[in-house]
Amino acid sequence: MKVECREKLINHIMFPKGIVKVYHLIFIILAIVIIYLFVFFTGGTKYVYSHTMYIPIILASISFGVTGGITVGLIAGILLGPLMPLDTITGEHQAFMNWFYRLIIFIVIGLISGLSFNAFRKSMQKIIKLVSFNQETDIPNVSLLNRYFLANKTDIKYLLTVVINNNENIIDLFSRKHYIILLTNLYQRIKAVLPKETQIFQAESNKLWICLASINIDYFIEKITSSLNDNFLIDNIPIYVEISIGIVKFEKHDLIEEFKNSDAASTYAHKLNLQYLYYNPKYTVVSKNIELLGQFRDALYTEQLEVYYQPKVDLLTNKPIGLEALLRWTHPEKGPIAPLDIIPLVEETHLINPLTDLVLKRSLQTLVKLQNVGIYTTVSVNVSAKNLHQPQFFESIIDLIKKHDVNPSSLELELTESVLMENINANSLILDELKRSQIRLSIDDYGTGYSSLSYLNQLPIKIVKIDKYFIMNMLNDDGLKNIVKSTIDLIHKLGMKVVAEGVESKLIAESLVKMNCDMGQGYYFAKPMNKKALFNWFLNNNLD
Ligand code: C2E
Ligand code: MG
Ligand code: MG
């Protein structure tokens, strides 16, 4: 039997309501009459069949509690007492004590089973309440969702996710008790402005799910938002609640799946600083990103992250003169994740700090291991804007350099133009400090931003990496070739060195040599590789 059918049957028996109660009554009356006739036609109470009467007594106590049990016990006692001979063939009557004692037993059975079923029903109700309602707020929780869905799927028109974005702040500034009162008030405010048949569930500690049974979504959204405009007064303290609402039209497929869409819309609403937003399929990308970021946070502390190294080569001698450290993430289920699919997301969060820290540490360890086998080179690490703004960033790098006992000039930090241009004044102070410490600095992906070289020249930067887009395509596009040529000349005039990224072929490398480009990095020389492959590569390319 299907779980829902079984649940329905148990509900009908244990918690009869309305018409079901009438069916129970009819069934019990029929059972009494049939058993009475059965006892009569099998010869009267001198035979064992009168015991069958326990069945309707117990059924009555299940359906109608103590009163039902006692009443049916009494009726059954009388029917099988003065109204039933001991022997129907001889017509012999029962002795008074005989039927009276049975009547008392029937009543007692009705009483005991009625009391037991009442207690059982009460504890069942308690358990159902425990699992169906949030213990702190008393708001229905998602365990009721499926049952509700089965009963009301045709009525549901819209699904809404209401999220309190500043829940953690509220708890930090006030207390959890205040927050719970606030959430309960919020639930009541929303419930008060929505149609009676609307069901609201608490999906998470800061998230409500609403099944709206009305097509007037704009009207009710307006009602909800204006009901939330006034501050919440808890213990006379006005608490500001920041809320975002995601809305999705219910298509009657899968409630949980569609709530995920309204969740994504609410996340996006929050990002865009809007109070509410209708779902658009592109928002699932946002929630997927959030999921991926969550998994990346865990990956930071596992073996899933690896640092690969790609050599940079002197274009005249073809000798390696440095390495770029590049992150690689192998997701346990999704496999390798491209850096550009995850790093821009990580850069939006504070996770970029432990990430850069991890790459720096592993790169310096690799540098030391290379030095131990007589290979002296440099390593460059990509740095994000948030890293520069992290207090102690500079100190932590100096500490790492000291700890690994490497020459500061063997570490290079790669910064993109956009990183540099963001808050340029503050950055130039940090960069000056880095420069004084002899750590080298380079501009990455040059040409993709809008900065002017002469402006960047005022910063303590001595290496510019031309973005791979220009290099990879320059042989097929004279315009690009001219840009590369003039950029190299200009960089040299400003006293800086040039690295060309994306050198994929011998022809490109030769062309760059003709343009006086200093260094090249690209698949033609070597692809990014793990530490072991790097050692082998050096054996073949460094040591003559
Ligand atoms: P990027 O710093 O400009 O790194 C160079 C990218 O170009 C690398 O991509 C490298 O594999 C790729 N590349 C090198 N030579 C060639 C070539 O000849 N042809 C082609 N088609 N591609 C080439 P990757 O490893 O996928 O990294 C992409 C970007 O992700 C990096 O660009 C960098 O911005 C970022 N990234 C990677 N690792 C880190 C990291 O540890 N920290 C930070 N903040 N960003 C990182
Ligand atoms: Mg780079
Ligand atoms: Mg680059």
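## Exercises on a predicted model

N236 counts as exposed, because its relative accessibility is 69% (exposed is over 50% relative accessible area, buried under 20%, partly exposed in between, with a 1.4 Å probe and protein chains only). This is a predicted model, where local features need pLDDT of at least 70, side-chain atom pairs count only at pLDDT 80 or more, and totals for chains, interfaces and linings use all residues. Residues are numbered from 1 along each chain as its sequence is written, chains are lettered from A and ligands numbered from 1 in the order in which they are written, and side-chain values use heavy atoms, with hydrogens and water left out.

**Exercise 1.** Find the loop that holds N236 and describe its phi.

*Solution.* Next, check the backbone: phi is positive, about 65 degrees, although N236 is not a glycine.

**Exercise 2.** Work out which residues hold the magnesium ion (ligand 3).

*Solution.* First, list the donors (N, O and S atoms within 2.8 Å of the metal, or 3.2 Å for Na, K and Ca; water is not among the atoms, so sites may look incomplete). D444 (OD), D445 (OD), E501 (OE) and E501 (OE) coordinate the ion at 2.0 to 2.5 Å. Then place them: D444 lies in strand 13 (residues 440-446) and E501 in strand 15 (residues 497-501), so the pair ties together parts 57 residues apart in sequence. Both D444 and E501 are buried, whereas D445, at 23% relative accessibility, counts as partly exposed.

Note on methods. Helices (H or I, at least four residues) and strands (E, at least two) are DSSP runs, numbered from the N terminus.
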